[in-house]
Amino acid sequence: MAEVVFGSKIMQLLIAFILVSTFMILGSTRLYSCVRAFGIQSFLLACVAGIVAYSTGKYDIYIVALLTLIIKSAVIPYIFIYIIREIKVKKEIELYVNISPSLIIGGTLVVISYYLIRSISIISELSSLALSASMSLVSIGLFIMISRKKALMQMLGILIMENGLFLGAISLTNGMPLLVELGIFFDVLIGVLIMGILIFRINKTFESIDTDLLKNLIG
Amino acid sequence: MIEYLLLAPVLTGILCFLTKSKKQVETVSLIGSIATLILGLILVKNVYQNNVVISWTNALFADAFSAFIVLIVSIVGFVASVYSIGYMGHEFKHGIMDFKKLKLYYILFHIFMFTMLLVGVTNNLGLWIAIEMTTLVSALLMILHTKKSSVEAAWKYMIICTVGITFALFGTILTYYGAVKVLGESGDALNWTSLIAVADQFDPTIMKLAFIFILIGYGTKAGLAPMHTWLPDAHSEAPTSVSALLSGVLLNCAMYGIIRFYTIATKSTGPAFTSNLLIIFGLLSIGIAVPFIILQEDYKRMLAYSSVEHMGIIALGIGFGGALGAFGAILHMFNHAMTKSLMFFGAGNVLLKHETKEIDKVSGIMKSMPTTGTLLLIGGLAITGSPPFGIFISEFTILSAGFFQGNIISSVLFLLFIIMIFAGFFYNLSKMIFGIPKSGIVPGEVSRWTLGAMVIVAVFVIVLGVYIPPFFYDMIMKVVAVIRVI
């Protein structure tokens, strides 16, 4: 079952790589490399799902792994690249928090997540490694959303959080029931499309996609 | 049965897509929303008689609480579609909207209705999916106007609610994990019907964690403070007919999610933990609304903050608990939906006439638009909780529940806050309603359609204040039986 799978060396390696890919996003100021790192992260997640599927022999999880591969590591990065090309955004990301503090904060968040998960008593029966990686992804995703100026990066932050939850779900319970998983994929995909439309709209009305400009509604 | 109800708005959306003229799209939309209303009422009647209606091999499910949400969605949805004809028709006539946008509006409107009905009738924690869908569709409705402020509001709404809802997903995963340990891994382990039966066997530690995530997540969507920051922007920037749906119905849908999880979590953790959380968030929401309502300069934002307040009151009612608190909260959901729609409809008329959202630039509505003015006055009295209107009854019930349960400090704070809100809200509203109309305002109502819509909801607001029909009382008691845990 899940514990055996997640204890195994290959799984640990995959999870470590997922964290590394997150830090690639944190440590980069180029939009393309962020999107690429996200694609790699999703590919690794698909691998995790694939291994869980193989070791439990459940067809549901194979489907989920395949969908992750197609939607998250191919379609969504493609949508990102399409948006970047269409609105000709400057390839550099402007930051509220610079790269080196960002990396330090990211590292701290990982440590905090690890201790948080260790401190919860439910942990004895599941892989704390996978769950704390999942927590880290969620918190780093949030951090990316608030520390980067481009609207595209906020979208990417949400997707990183979602990836984190996916890892959490698959490590806790071998994934949710298939119907729910399909629904979540549907929502993520539609969500990305609609956020894309919104970004186009922001670009058209504000002539930029810096979220700095979205500060008029207060009080 | 339930699938027909879900099919009606989808079909209407598709038919709207095929229409060729303004008249056609309005007719289709109106007929579609009447059909949705009728199917909704039939479902409510069936649930009322049989307690539970299930279809599609357990995937769709309606008990008294779902039926209650369906009732609110279909009534306000119908009224909002009537209102849309007048409101959007006016914008169309003045060239703010072209036919393409008008058609898009009606299509999205009905898909929005579909997603909200889906929230009510999914027999699954997959409720999450439906709630996320409501965010996606309504964000699109918000950017129909290509103003800078609408785009900003839509982006904030989209980002904040999606993040919130991601937390709710984490809570859902944890609940599923708790359920799997008891029920085993199966597709059923997320169904209300199977969850509620074994909820007392769940591990309390997990359920506590899950409930916190759910409360933060769906609380964001329900506009509970301090996660409410997107709400005033979104509700004031959306087209007014949509604002009514967002405030009156969508917030209730998110609240529905919270209450469902509350019943499950409370069975496992005991009432103290979950109720206290709800009371804290509820009071915070009511309290935060106070200064923003008193000092508000924009009347649509004032109404939006009033929604934050009322969601807080519902959370407070559930938190106080007992039959009385639950009864008050459920009744308040209905009353707030009706009254807030009435207020937004009135505000929409004012907006069309004055073309400004600033309170100071509007006066003398009573003289320039007597009917809208009267209805706004009734709505204003009702929404601030003065007798003899519906909200007074439900707020009073919740307040007495608080005192009965021994939550003296919270009840007193609650009372203080609503008195301050009454003063602030009414001061602002009376500046708009009374006085001499601003120069350049031509007297006369905007449209008969918008007035018709207002009259329909006003009937509910007035009647429920003096008389709760026995069947409606029974219905609420059935809901209370479903959600009551203490």
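Is Lys150(A) buried or exposed in this predicted model? Lys150(A) is buried, at a relative accessible area of 4% (buried is under 20%, exposed over 50%, partly exposed in between, with a 1.4 Å probe and protein chains only). The model is predicted: local features need pLDDT of at least 70 and side-chain atom pairs pLDDT 80 or more, while totals for chains, interfaces and linings use all residues. Residues are numbered from 1 along each chain as its sequence is written, chains are lettered from A in the order in which they are written, and side-chain values use heavy atoms, without hydrogens and water.

**Salt bridges**

- Over all chains, the count is eleven salt bridges (a side-chain nitrogen of Lys or Arg within 4 Å of a carboxyl oxygen of Asp or Glu).
- Lys150(A) pairs with Glu94(A) at 3.5 Å, N to O. Lys150(A) sits in the loop between helix 6 and helix 7 of chain A, and Glu94(A) in the loop between helix 4 and helix 5 of chain A, so the pair ties together parts 56 residues apart in sequence. Glu94(A) is partly exposed, at 26%.
- Lys156(B) and Asp233(B) form a salt bridge, with their closest N and O atoms 3.2 Å apart. Lys156(B) belongs to helix 6 of chain B and Asp233(B) to helix 9 of chain B, so parts 77 residues apart in sequence are tied together. Asp233(B) is buried, at 2%.
- Glu152(B), Lys156(B), Asp233(B) and Arg301(B) are joined in a network of salt bridges.
- Lys431(B) bridges to Asp360(B), with 3.5 Å between the closest N and O atoms. Lys431(B) is partly exposed at 31%, whereas Asp360(B) is exposed at 52%.

**Interface of chains A and B**

- Chain B brings 46 residues to the contact and chain A brings 47 (contact means heavy atoms within 4.5 Å).
- About 4,200 Å² is buried between the chains, 78% of it from carbon and sulfur atoms (buried area is the accessible area, 1.4 Å probe, that two parts lose on being put together, summed over both).
- Glu152(B), Trp155(B) and Tyr177(B) supply 18% of the area that chain B buries against chain A, more than any other three residues.
- Zero salt bridges are found across this interface.

**Helices of chain B**

- Helix 6 (residues 148–183) spans 51 Å from first to last C-alpha over 36 residues, close to the expected 52 Å (1.5 Å times one less than the number of residues; helices are DSSP runs of H or I, at least four residues, numbered from the N terminus).
- In helix 6 of chain B, 30 of the 36 residues are buried, so the helix is largely enclosed by the rest of the structure. Gly184(B) follows, with a positive phi near 85°.
- Helix 5 of chain B is mostly covered, with 15 of its 16 residues buried.

**Individual sites in chain B**

- Ser66(B) lies in helix 3 of chain B and is buried at 0%. Beyond residues up to four places away in sequence, Ser66(B) touches Phe61(B), Gly120(B), Tyr256(B) and Arg260(B).
- His90(B) is also in helix 3 and is buried at 14%.
- Glu358(B) is partly exposed at 37%. Glu358(B) and Asp298(B) are 60 residues apart in sequence but 4.5 Å apart in space, C-alpha to C-alpha.

How values were computed:
Helices (H or I, at least four residues) and strands (E, at least two) are DSSP runs, numbered from the N terminus.
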